[in-house]
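This report is meant for someone meeting the structure for the first time. Please look over the sequence and the model before reading on.

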Amino acid sequence: MTAFMTSFDTDFLWEMSLLLRLLGAGLCGAIIGYERAHRFKEAGIRTHFVVAMGAALFIVISKYGFEDMIGRSGVGLDPSRVASGIVSGVGFLGAGIIFIRNQTITGLTTAAGIWVTAGIGMAIGSGLYWVGGLGTVLIYTIQMILHKHFLRVGTVPTINLKLTIAGSNAALESIQKTLNSKYQIINTKISQQNPALFIVEMKIKSQSTNDYAALLLLMKKHPDIKSIEI
């Protein structure tokens, strides 16, 4: 009986240590997810938490879940096969976050974050605590710094503008002329709700990444504009 209790205590403590790996991986994922949620992205704290903890769980099962099969005739174990499966599986999850709208691709950074979050979970699940922890700090820091200082380097800021215009074709032409005096219109989609009401969707090149106030003031000069969405 004493031997049984000793064995039970040992197994219990061992599994609790594995559980701490899962919680640690989930915490690291939540930290990365917080940065995404703070920017109102599609995948936030919960998604990153689950991805990281799930990846750690699969790694723990892969490494330790089949120990009772070791040594049996005709049985060969390869823990790395589960790791490669996680990388492929998370790729499909990340692909579901990427959208193409008005010739603009969004969600790439979040999808990449999901992918690397799974890697961090795998590292912690494997017992590489320093790699997983410091990797989390590195990813979070890079996301914050690049978004704040270098997000628009090499790219042209754009604004998606939706206008509801009441009036004739002359009013529509006047608004387009006003916009062309300050901005470059990339594309335009016009739909006519009735003979006197137009819905105009535009994508324009902005002068800066924070040009919304100036654009709104410019559009408010036209009495024919009934609503503005940016």
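## Strands and their pairing

In this predicted model, strand S4, which covers residues 184-194, runs antiparallel to S5 and is joined to S5 by nine bridges. One of the paired positions is Gln184, whose bridge partner in S5 is Lys205. Between S4 and S5 there are two residues, and these two strands form a hairpin.

S5, made up of residues 197-205, also pairs with strand S3, residues 158-166; these two strands run antiparallel as well, and nine bridges join them. Among the residues involved is Thr164, which has Ile199 as its bridge partner in S5.

## Helix H2

A pair of aromatic rings can be described by how far apart the centres are and by the angle between the planes. The structure holds one such aromatic pair. Its members are Trp14 and Tyr64, whose ring centres are 5.1 Å apart and whose planes stand at 90°, so the pair counts as edge-to-face. Because Trp14 lies in helix H1 and Tyr64 in helix H2, the pair ties together parts that are 50 residues apart in sequence.

Which residues line the second largest pocket? The lining is made up of Trp14, Glu15, Leu18, Leu19, Leu22, Leu57, Val60, Ile61, Tyr64 and Gly65, so that both members of the aromatic pair, Trp14 and Tyr64, take part in it. Helix H1 (2-38) and helix H2 (45-64) are the elements that give two or more residues to this lining, and H1 provides the largest share, with five residues.

The volume of the second largest pocket is about 160 Å³. Sorted by class, its lining has eight nonpolar residues, one polar residue and one charged residue.

Notes:
Residues are numbered from 1 along each chain as its sequence is written. This is a predicted model: local features need pLDDT of at least 70, side-chain atom pairs count only at pLDDT 80 or more; totals for chains, interfaces and linings use all residues. Side-chain values use heavy atoms; hydrogens and water are left out. On a 1 Å grid over the protein atoms alone, a cavity is a set of points where a 1.4 Å probe fits but cannot get out, and a pocket is an open set with protein on both sides within 12 Å along at least five of seven lines; lining residues have an atom within 4 Å of a point. Grid points are joined across faces, edges and corners, and a volume is the space filled by probe spheres set on the points. Helices (H or I, at least four residues) and strands (E, at least two) are DSSP runs, numbered from the N terminus. Ala, Val, Leu, Ile, Met, Phe, Trp, Tyr, Cys and Pro count as nonpolar, Asp, Glu, Lys and Arg as charged, and the others, Gly among them, as polar. Two strands pair if DSSP finds at least two bridges between them. Rings of Phe, Tyr and Trp (its six-membered ring) pair if their centres lie within 6.5 Å; planes under 30 degrees apart count as stacked, over 60 as edge-to-face and the rest as tilted.
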